[in-house]
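Here is a short note for a colleague who is opening this structure without having seen it before. Please read the points beside the sequence and the model.

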Amino acid sequence: MSQPTPVISRRPVALVIAAASLPMFMATLDNLVMTNALPVLHQEMGASVEELQWFVNAYALAFAGAILIASALGDRFGRRTVFAIGIALFGAGSLFAALSTDPGQLISARAVQGLGAAAVMPLSLALLTGAVPASRRPLAIGIWGGVSGLGVAVGPLVGGAIMEGWNWQAIFWINIPVAIVAIPLALLVLRNDFGARSRIDIPGAVLAASGVLALVHAIVRGNDDGWDSLGVILELALGTVLLAAFVIWQKRAKAPLVPLRLFRDRSFSITNVVGFAFSFGTFGSVFILIQYLQVVQGSTPLEAAVQTTPWTLAPMFVAPLAGMIAPRIGTRALLVPGLLLQGIALAWIAQITAPDLPYPNLIAPFIIAGVGMGLVFAPSATALLATLGLVDHAKAAGVNSTVRELGVALGTAVMTAIFVGAGGQLTPDLYVDAAKPAVFTGAAVLLAATVVALWLPSGKSTAPVPVQAVEEEPALAAR
């Protein structure tokens, strides 16, 4: 029996982009707001270095562990439905975080936020690509990437301004009105697309989430317990075995969370490797550097946020431009220099970092890093979906979001481990020498990713999405 052709939304493209991007902006903003708040939380809550990284990792781990099942739920019960539930859950987590009175409560609240974001981030891209005509998809993805860049840009600024003029709880209160607006906007503007409406792969979800948690928790506790301790070794082994079991199960499952056939697509596979390395190197370094400005340089949260704007504002402008020109010059031609610029900038920053470093010395590497980030955001999303049909977009975006968040979690954990292992403390005299090897590690990972990205297909095409992917794939039902 013939399949119906995909239905493209008749809503104005600008409204569709807004409905898909606003919740993603909220999630991106909040993650970086939290990074800027860490020194304040250390002082006001008495949080330890390990608890500080769990404020970040609780979000990232819940996100990474739940993305695949959220994408599958979206395929089965409607992507818009699950998307709206994710927004509501993120808002509830924000409320819980704002009311937290100790580190344990805040870590739990961050995990709830991560569960909500797991439904928001991958489904926003799938809903966008399914609703926008193929001819306008690269531009839409570019704007979507720019909105993500805007979250990167204003997150530290919003966090710094709020904490300086109010208190840290307000960085979570601001999510509530955004969620209240975003839910009805999504329900009114976006179609309730479906993918393959098959049974949810619960065993696969449990294996994947458990394996990721075991690996990251082992890395987090490695410096305290010792890397040769039996507990750390067993946990590393357990995580590896669980993830191997997940891959084996995906080969046998009738409705796998991650169809392994996707990895036969070179563009999809390499984009995920690059996405992991980019998140690992970039956001692990951000975790170290944003605290350097406050702990060592003595900047307030707002001053530190303003100081990083040459880095964080650039993606907002570069990403939409990169999305527009990607079909003409190719995604590889943008991703390779983007990763290279980011790696060079981090190495530069690590080299010059000193207790008495004048701030103007950081402006040039910050700008280079920001341009590099902007060249990665949108082209990587385009490369990820370039040769996949619409029916696979939610699962593909889910895999990529999982990989990226795993990169954030492991990058933060590994670089904190390097920092602590080098004798680092949250004091000016013990911070710089320990921060240098951590940031150099981030730079090395990004430079390695640059080499891997050379194996990407060029991605150059006069047609933004292959005709076959639109016309021959099983259609998405809509209602």
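Why does Leu-139 count as partly exposed?

1. Leu-139 counts as partly exposed because its relative accessibility is 34%, where buried means under 20% relative accessible area, exposed means over 50%, and partly exposed lies in between (1.4 Å probe, protein chains only). This residue is found in helix 5; helices (H or I, at least four residues) and strands (E, at least two) are DSSP runs, numbered from the N terminus.

2. On the basis of the values: this is a predicted model, in which local features need pLDDT of at least 70 and side-chain atom pairs count only at pLDDT 80 or more, while totals for chains, interfaces and linings use all residues. Residues are numbered from 1 along each chain as its sequence is written, and side-chain values use heavy atoms, with hydrogens and water left out.

3. On the chain as a whole: it has 18 helices and 0 strands, and 59% of its 479 residues count as buried. Among contacts (heavy atoms within 4.5 Å) between residues at least 6 apart in sequence, 85% join residues at least 24 apart. The chain exposes about 17900 Å², of which carbon and sulfur atoms supply 68%; accessible areas come from the Shrake-Rupley method with a 1.4 Å probe, and for residues only the protein chains shown count as cover.

4. On helix 2 (residues 49-77): 22 of its 29 residues are buried, so helix 2 is largely enclosed by the rest of the structure. From first C-alpha to last it reaches 41 Å, close to the 42 Å expected at 1.5 Å a residue, the expected span being 1.5 Å times one less than the number of residues. Helix 2 bends by about 45° at Ile-67, and Gly-78, whose phi is positive, near 110°, follows this helix.

Key. Bend = angle between axes of the 7 residues up to and from the residue.
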